[in-house]
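Welcome, and please open your viewer.

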Amino acid sequence: MFHILVVDDDKNTRMYFDAVLKNNGYTVSVAENGEEALSVMDSAHIDLVVLDIMMPKMDGYEFTKTLRECNNTLPILMVSAKQTPRDKNRGFAVGTDDYMTKPVDQDEFLYRIKALLRRAKIANERRIVVGDVVLDYDSLTVTKGDVVQELPQKEFLLLYKLLTYPGKIFTRIQLMDEIWGADSETGWETVTVHVGRLRRRFEGWDEFEIVSVRGLGYKAVKKV
């Protein structure tokens, strides 16, 4: 089930989006501003953000800019009453993926969310298949034949991220920001520790390998 974070300072808007999304099978968290949204992201894996612009403490522009400066590619849909081309251009300039103006058409809203999730290469069935190996996002399991391994959440998300983009190099900082959160107090060394655990766990599995790229970070290599 996809987890969507709704960020809006208007209580009625939050309640509306919460109801629409839950009625269509999504898990929903809510926040009143960008600062609160970052706190939510520290404790939960979020697949997409629905974001207002005009909010206290940290507005939508600043929130988006903060994520993108940390190389966080989380899909963001800005939904705002601000309708001028200048407002929209600023939204795209700081890194939003899509922009809608209020009031929104419910069907269009849902279609855009589905498109953003699809573009983000998050498989609708939440599974990655590599030869005889299956990664199941909802159960946090990696299966090969009769062997089923249930991974700790961070280990699974790290492996899932790497295998979603095989061959792409991710720095340790990128992986920290996307999996542990931009504001995490955990050092990047924890990525190295988790990679080591994954390598030991899947030693002898021929379908994939996590490769260290000297001076850069890590990539996953599919071998089938």
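Begin with everything selected and contacts drawn (heavy atoms within 4.5 Å): among those in the chain between residues at least 6 apart in sequence, 56% join residues at least 24 apart. You are looking at a predicted model, where local features need pLDDT of at least 70, side-chain atom pairs count only at pLDDT 80 or more, and totals for chains, interfaces and linings use all residues. Residues are numbered from 1 along each chain as its sequence is written, and side-chain values use heavy atoms, leaving out hydrogens and water.

Next, switch to C-alpha atoms, which fill a box of roughly 55 × 35 × 25 Å along the principal axes. Colour by accessibility, and 49% of the 224 residues come up as buried, that is, under 20% relative accessible area with a 1.4 Å probe, protein chains only.

Now show the cartoon: there are 8 helices and 12 strands, taken as DSSP runs numbered from the N terminus (helices H or I, at least four residues; strands E, at least two).

Select strand β6, residues 127-130. Which residues lie on its covered face? They are I128 and V130, while R127 and V129 are on the uncovered one.

Look across from V129 and you will find V134 in β7.

Finish at the turn of this hairpin, where 2 residues separate β6 and β7. Click G131 there: its phi is positive, about 65 degrees.

Terms used. Buried means under 20% relative accessible area, exposed over 50%, partly exposed in between (1.4 Å probe, protein chains only). Two strands pair if DSSP finds at least two bridges between them.
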